[in-house]
Amino acid sequence: MALKAQRIFLIGMMGAGKTTLGRQLAGRLGYTFVDLDEYIEQREGSSIAQLFEVGGQEWFRQKERQALEAVVQDFEQAVIATGGGTPCCFDNMNFINQHGTSIFLDVPADELTQRLLLTDLSQRPLLAQKSEAGLKDFIVKTLAERIAYYRQARYTLSGKRYNIEQLESLVKP
Ligand SMILES: Nc1ncnc2c1ncn2[C@@H]1O[C@H](COP(=O)(O)OP(=O)(O)O)[C@@H](O)[C@H]1O
Ligand SMILES: O=C(O)C1=C[C@@H](OP(=O)(O)O)[C@@H](O)[C@H](O)C1
Ligand SMILES: [Mg+2]
């Protein structure tokens with residue numbers, strides 16, 4: 001059954017397609033698109049890589065939580081692409097579920113690895129300078145640590161090749 005969706009939060013691992021599909025979904029629904037990483041970069045005037053370098057991951061997670069709260073204040077009807085670690089810090093997953101409809105983009109580790117290898121890894125500080133084998137190990141290990149959070153999403157879309165129509169059908173008002 002279709003839902004009356006207001007805020008739609010996309011969650012899942014790095015490389016799952018939250019930013020890419022989130023932008024497309026927002027366009028189709030006529031909603032605002034917010035990428036949480038870009039929102040943080042604008043608020044802080046620094047790239048994600050610089051924020052990690054200057055303050056470390058813990059400090060970044062505080063900035064990320066503040067940005068999540070600000071996005072909820074600022075946008076009532078939006079598709080929000082979170083960062084891969086967002087649901088796993090503080091009570092962010094509860095916060096997300098209290099303020100919108102969450103969708104877990106559940107992509108297998110081997111596919112995530114292949115996609116990420118085609119990108120500039122330095123833009124994602126947790127992946128910077130990893131070899132192909134190191135990247136795969138990190139993705140497998142991190143997914144195992146995070147899956148309990150991701151599974152708290154209201155909906156899950158699993159696979160390598162799901163398309164935007166399948167995503168839209170979950171939330172089309
Ligand atoms: N459905 C998809 N199929 C194949 N490649 C994809 C898909 N979605 C995203 N990608 C690619 O994977 C990479 C990571 O996508 P991105 O949207 O930045 O993921 P996330 O925001 O979840 O980290 C990009 O290079 C993007 O082009
Ligand atoms: O998984 C993570 O901890 C992170 C994911 C990134 O976002 P994407 O999931 O959009 O790559 C970004 O927030 C940061 O590099 C940390
Ligand atoms: Mg992203």
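View 1. In an unreviewed UniProt entry, the feature "binding site" is placed at Gly15, Ala16, Gly17, Lys18, Thr19, Thr20 and Arg124. The model shown here is predicted. Ala16 sits in the loop between β1 (7-11) and α1. Ala16 is buried because it has 23 C-beta neighbours inside 10 Å, and 20 or more count as buried. Leaving aside residues up to four places away in sequence, Ala16 touches Leu105, Val107 and Leu112. Arg124 belongs to another loop, the one between α5 (109-117) and α6 (132-150). With 19 other C-beta atoms within 10 Å, Arg124 is partly exposed.

**View 2. The shell around ligand 1.** Ligand 1 is surrounded by Met14, Gly15, Ala16, Gly17, Lys18, Thr19, Thr20, Leu21, Ala81, Arg115, Leu118 and Thr119. Helix α1 (residues 18-29) gives the largest share of this shell, four residues. Sorted by class, the shell around ligand 1 holds five nonpolar, five polar and two charged residues.

**View 3. The shell around ligand 2.** Around ligand 2 lie Met14, Lys18, Thr19, Asp37, Ile48, Gly83, Gly84, Gly85, Arg124, Pro125 and Leu126. Four of the shell residues are nonpolar, four are polar and three are charged.

**View 4. Further annotated positions.** The unreviewed UniProt entry also has the annotation "binding site" at Asp37, Arg61, Gly84 and Arg146. Gly84 is in the loop between β3 (78-81) and α4 (92-99). Gly84 has 22 other C-beta atoms within 10 Å, so this glycine is buried. Gly84 touches Gly12, Met13 and Met14, with residues up to four places away in sequence not counted. Arg61 is found in helix α3. Arg61 has 18 other C-beta atoms within 10 Å and is therefore partly exposed.

**View 5. The packing of helices α2 and α3.** Helix α2 (residues 36-44) packs against helix α3 (residues 48-74) at an angle of about 105°. Their axes are 9 Å apart. The angle makes α2 roughly perpendicular to α3. From α2, the contact takes in Leu36, Asp37, Tyr39, Ile40, Glu41, Arg43 and Glu44. From α3 come Ile48, Leu51, Lys63, Glu64, Ala67, Leu68 and Val71. The contact of α2 with α3 comprises eight nonpolar and six charged residues, and no polar ones.

Conventions
Residues numbered from 1 in each chain as written. Chains lettered and ligands numbered in written order. Predicted model: local features only at pLDDT ≥ 70, side-chain atom pairs only at ≥ 80, totals over all residues. Near = placed C-beta within 6 Å. Nonpolar A, V, L, I, M, F, W, Y, C, P; charged D, E, K, R; others polar. Helix = DSSP H or I, 4+ residues; strand = E, 2+ residues; numbered from the N terminus. UniProt positions renumbered as here; feature names shortened; annotations may be inferred. Buried ≥ 20, exposed ≤ 12 C-beta atoms within 10 Å, placed from the backbone. Contact = placed C-beta atoms within 7 Å. Axes fitted to C-alpha atoms, helices over the stretch in contact; angles between N-to-C directions. Parallel < 35°, antiparallel > 145°, perpendicular 65-115°, else oblique.
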